[in-house]
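Okay, thanks for making time, everyone. Let me put it on the screen.

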Amino acid sequence: MRPLIYAANWKLHHGPSAAREFAARFLELTRPVPDRDLWFFPPAVSLASLADAFRRRSDIRVGAQNVHWELKGAFTGELSLAHAAEVGATLTLVGHSERRHLFGETDEQSARKVAAALAAGVTPLLCVGETLAEREAGRTEEAVRRQLEPVSALVADAGDRARVLVAYEPVWAIGTGRNATPKDAADVHRYIRRHLTERGWPGRVRVLYGGSVNAGNALALLAEPDLDGVLVGGASLAAEGWAEIVGVGG
Ligand code: PGA
């Protein structure tokens with residue numbers, strides 16, 4: 001089996017005690033499986049308790065949902081990569097569509113966050129994806145390219161580039177129950193890799209798919225060899241349901 005990443009984006013759910021309860025149940029339900037990595041992106045205040053709860057599981061990593069590009073300073077309300085790393089975060093989401101569309105994060109800001117994460121030794125999972133209007137106008141590739149270009153401009157080092165992962169999350173599929181077909185997703189994943197290769201990125205960039213992934217469609221999506229994993233919101237919130245999706249029960 002090829003290596004797969006199952007990433008849970010909890011958004012604004014599960015404070016520290018709920019995160020601990022989830023972890024206790026999830027640890028009962030699952031065991032490590034070779035070539036299968038489990039990533040959790042809890043709210044920032046739950047990072048420490050979740051990282052602590054999972055510390056004995058080398059297949060599990062914990063990360064921030066959003067970070068600032070500066071490590072310290074007068075940035076009220078922001079999360080420092082240094083502080084997140086101190087409590088156990090080894091990953092961060094960057095440019096999730098909710099950051100871009102609800103909070104006005106620009107493509108350039110996302111790129112700065114990717115660069116800052118790399119400099120801090122934290123693995124960035126850069127989220128890209130088109131809106132429904134862009135898809136219907138046949139501008140999916142253009143939208144994804146627009147989000148990727150500033151990252152190529154800012155992150156030039158081949159070693160750094162090799163540490164970036166991308167999540168393709170069509171905005172119209174997030175939390176809507178409407179997901180891309182495996183073929184639609186795979187087409188965009190191939191485009192993302194082709195584009196990055198043209199920009200001189202080394203190797204094969206790992207690309208996860210996200211947007212209304214659930215127990216009913218995860219297997220079909222992951223049957224596409226162009227998908228390196230899934231990034232899941234709603235269906236990752238219950239320990240039983242998420243354990244079923246990652247398929248490591250027993
Ligand atoms: P969803 O969210 O699985 O609830 O659609 C995915 C995401 O926003 O990462």
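So, the lining of the largest cavity splits into 3 nonpolar, 5 polar and 2 charged residues. The classes here are Ala, Val, Leu, Ile, Met, Phe, Trp, Tyr, Cys and Pro as nonpolar, Asp, Glu, Lys and Arg as charged, and the others, Gly among them, as polar. Before I go on: this is a predicted model, where local features need pLDDT of at least 70, side-chain atom pairs count only at pLDDT 80 or more, and totals for chains, interfaces and linings use all residues. Residues are numbered from 1 along each chain as its sequence is written, and side-chain values use heavy atoms, with hydrogens and water left out.

Back to that cavity. On a 1 Å grid over the protein atoms alone, a cavity is a set of points where a 1.4 Å probe fits but cannot get out; a pocket is an open set with protein on both sides within 12 Å along at least five of seven lines, and lining residues have an atom within 4 Å of a point. The structure holds 1 cavity of 30 Å³ or more, and the largest cavity has about 50 Å³ of space; volume here is the space filled by probe spheres set on the points, which are joined across faces, edges and corners. Among its lining residues are Cys-127, Gln-147 and Glu-169. Helix α4 gives the most to that lining, 3 residues.

Now the pockets. The largest pocket has about 460 Å³. Of its 17 lining residues, Lys-11, Leu-12, Gln-65, Asn-66 and Arg-99 lie nearest the centre. Here too α4, residues 97–103, turns up, with the largest share of the lining at 4 residues.

Where does the ligand go, then? The space it takes is the second largest pocket, about 150 Å³ in volume. Of the 15 residues lining that pocket, Lys-11, Gly-175, Ser-212, Gly-233 and Gly-234 are the closest to its centre.

Technical notes: Sits in = over half its atoms within 2 Å of the grid points. Helix = DSSP H or I, 4+ residues; strand = E, 2+ residues; numbered from the N terminus.
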